[in-house]
Amino acid sequence: GLVRRLLCYWKQWRKVRTKVRNLMRLGTSLDLAISSGMSSKSYWRSARTPGINIALSNEYLAKQGYYSLRDRWVEIHYG
């Protein structure tokens, strides 16, 4: 979904400590934040992990001003 298109957050956080701190600040548990932050998966694969999906949820991203292209497409075609 929208989270995969916004991996720029994950890339900006570069260091493990920063990733863990920001994931926890955004509502992820300590254990999940640590396992996600220390992962050696690529950015694309990391986007599918529960820790990142909890922290960078579609709701959070909508509050940041981003919108779902899928939702907009449905609105145009069926709304």
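Modeller: The account below begins with the whole chain and then turns to helix α4 (residues 30–37).

The model is predicted, so local features need pLDDT of at least 70 and side-chain atom pairs count only at pLDDT 80 or more, while totals for chains, interfaces and linings use all residues. Residues are numbered from 1 along each chain as its sequence is written, and side-chain values use heavy atoms, with hydrogens and water left out.

The protein has eight helices and zero strands. Helices (H or I, at least four residues) and strands (E, at least two) are DSSP runs, numbered from the N terminus. The C-alpha trace spans about 45 × 20 × 20 Å along its principal axes. Of the 79 residues, 34% count as buried; buried means under 20% relative accessible area, exposed over 50%, and partly exposed in between (1.4 Å probe, protein chains only). The accessible surface comes to about 5,700 Å², and 53% of this surface belongs to carbon and sulfur atoms. Accessible areas come from the Shrake-Rupley method with a 1.4 Å probe; for residues, only the protein chains shown count as cover.

Within helix α4 lies S36. With a relative accessible area of 6%, S36 is buried. Not counting residues up to four places away in sequence, S36 touches W10, L23, T49, G51 and I52, where contact means heavy atoms within 4.5 Å. S36 and W10 are 26 residues apart along the chain, and their C-alpha atoms are separated by 11 Å. Across the protein, 61% of the contacts between residues at least 6 apart in sequence join residues at least 24 apart.

A33 touches V20, L23, M24 and T28, again not counting residues up to four places away in sequence. A33 also belongs to the largest nonpolar core, which has 12 residues, including W10, L23 and I52. A nonpolar core is a set of buried Ala, Val, Leu, Ile, Met, Phe, Trp, Tyr and Cys residues joined through side-chain atoms within 4.5 Å. At least two residues of this core come from each of α2 (8–12), α3, α6 (50–55) and α7 (58–63). In soluble globular proteins, nonpolar side chains tend to be buried together.

I34, also in helix α4, has 33% relative accessibility and therefore counts as partly exposed. Together with V16, M24, L30 and M38, I34 makes a nonpolar surface patch of about 440 Å². The elements giving two or more residues to this patch are α3 (16–25) and α4. Patches are made of residues with over 30% relative accessible area and no salt bridge: like charges are joined within 9 Å, nonpolar side chains (Val, Leu, Ile, Met, Phe, Trp, Tyr) within 5 Å.

A salt bridge is a side-chain nitrogen of Lys or Arg within 4 Å of a carboxyl oxygen of Asp or Glu. A search of the whole structure finds two. One joins the side chains of D71 and R70 (3.3 Å, N to O); D71 is partly exposed at 45% relative accessibility, whereas R70 is exposed at 58%. The other joins E75 and R72, whose closest N and O atoms are 2.8 Å apart. Because E75 and R72 are three residues apart in helix α8 (residues 69–78), about one helical turn separates them.
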